[in-house]
Amino acid sequence: MADRPLTILQVHNRYQFSGGEDRAVEQDAAILRARGHHVEVWLEDNDGLQDENALRVAARSVRSPRSLRELQARLDTVRPDVVHFHNVLHRISPWTIRSAHAAGVPTVMTLHNYRLGCLPAVFQRDGAVCQECRGRAFALPGVLRGCYRGSRMQSLALASNLSIHRALGTWAGAVDRFVALTEFGRREATAAGIPDDRIVVKPNASPPLETPPASEGTYALFLGRLSEEKGIRLLMNAWDAIDSAPPLTVVGDGPLRQEVDRWASDRTGAGPVRVLGPRPHGQVPELLAGSRLVVAPSVCFEGFPVTVVEAFAAGRPVVGTDIGAIGEVLAGHDGGVATPPEPRSIAEAVVELWADPARLDERGRAARAVQRERFSEEVAYAGLMTAYREALARRGKGAE
């Protein structure tokens, strides 16, 4: 029997630097609407939080009266069959999950990252993988080291928030179904105390993109946040290790933007590097079409590397690191996995691909096949509907 049309309220707190999570929320809404479901989206924004009183922000992050009023108003007007939560920090607050659950509405939450087990959400510190807080009821090591935004005070506030909601049973009791983006993410969620039988694995997706063959591209492409965990320093060191480095285009913004700009301008006589800064997501297909390959050098446990799947959809080979979820996403695609994740291995993988047009095109065709099989919109839709059906059934309601 076909799925009946559902009304879904999506709830998401956008980040100060837009990235893959924000795009994934938009994508879920588009996939559902295209298949006849009604989607209302409640978005908040973290811009300006750094200028507010830290204690007030911390208290509101635990329980925000304004957000609870906003949620109730939307429940009354939208009357959703399911409330689908994404990021709820910091303006929205996890208490809205408890409120929706108490109102009898089935709740679903996508785990885009590893926040329940790591304050900065990426299991990375000082350029290396770190899991000292994994499985702890309170992230004391992360607080002592100021892992969240380099601040002990902000780390304490976040750790307290997560621990309070863990003690209240928000995660284990008020969420009817969790969506993990990979099997790796599922394992980390269970380590953080989420019941395994309440997790559905649903990858992010990308529609196929019409592009010329990879060998016709003129540059290697980095798309992402310019930050330590995304491996931008690893990428710069890798390019410096290549004698005749291919042209590189860097797209994105972040805390290391000035460092990247200086590095690019100092490469006198070396392979050209363009730093374009942030670009609207609508320009991504054009950027991919002009590329020969994509580099994804993350040194953290990615929640889900959206850039990799978009590259696959464009038929572009990906040179990436074999760490956490990104290694799982790259499985079955021999674009070039850098093991260990260090500059020389990245450089060697790039050079090998760049100089072989036939292999570039072969790997590009293989990338498209991986996208169709594992990361299509149909696969993502099936995962969403599984989560919604199971959430409805848990609350004694039906999806069909």
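This is a predicted model: local features need pLDDT of at least 70, side-chain atom pairs count only at pLDDT 80 or more; totals for chains, interfaces and linings use all residues.

Let me turn to the overall form. The secondary structure consists of 16 helices and 14 strands. The C-alpha trace extends over about 60 × 55 × 30 Å along its principal axes. How does the radius of gyration of the chain compare with that of a compact globule? For 400 residues, such a globule would have a value near 21 Å, and the chain, at 21 Å, agrees with it.

Next, packing and surface. Of the 400 residues, 55% are buried. If we take contacts between residues at least 6 apart in sequence, 74% of them link residues at least 24 apart.

I close with the cysteines. How many disulfides does the model contain? The count is zero, where a disulfide requires two cysteine sulfur atoms within 2.5 Å. Two cases illustrate the point. For cysteine 118, the closest cysteine sulfur belongs to cysteine 133, at 6.7 Å, which is too far for a bond. Cysteine 118 counts as buried because its relative accessibility is 9%. For cysteine 147, the closest cysteine sulfur is that of cysteine 130, and the separation of 6.1 Å is again too far for a bond. Cysteine 147 is partly exposed, its relative accessible area being 23%.

Methods: Residues are numbered from 1 along each chain as its sequence is written. Side-chain values use heavy atoms; hydrogens and water are left out. Helices (H or I, at least four residues) and strands (E, at least two) are DSSP runs, numbered from the N terminus. The radius of gyration is taken over C-alpha atoms; the globule rule is 2.2 Å times the number of residues to the power 0.38. Buried means under 20% relative accessible area, exposed over 50%, partly exposed in between (1.4 Å probe, protein chains only). Contact means heavy atoms within 4.5 Å.
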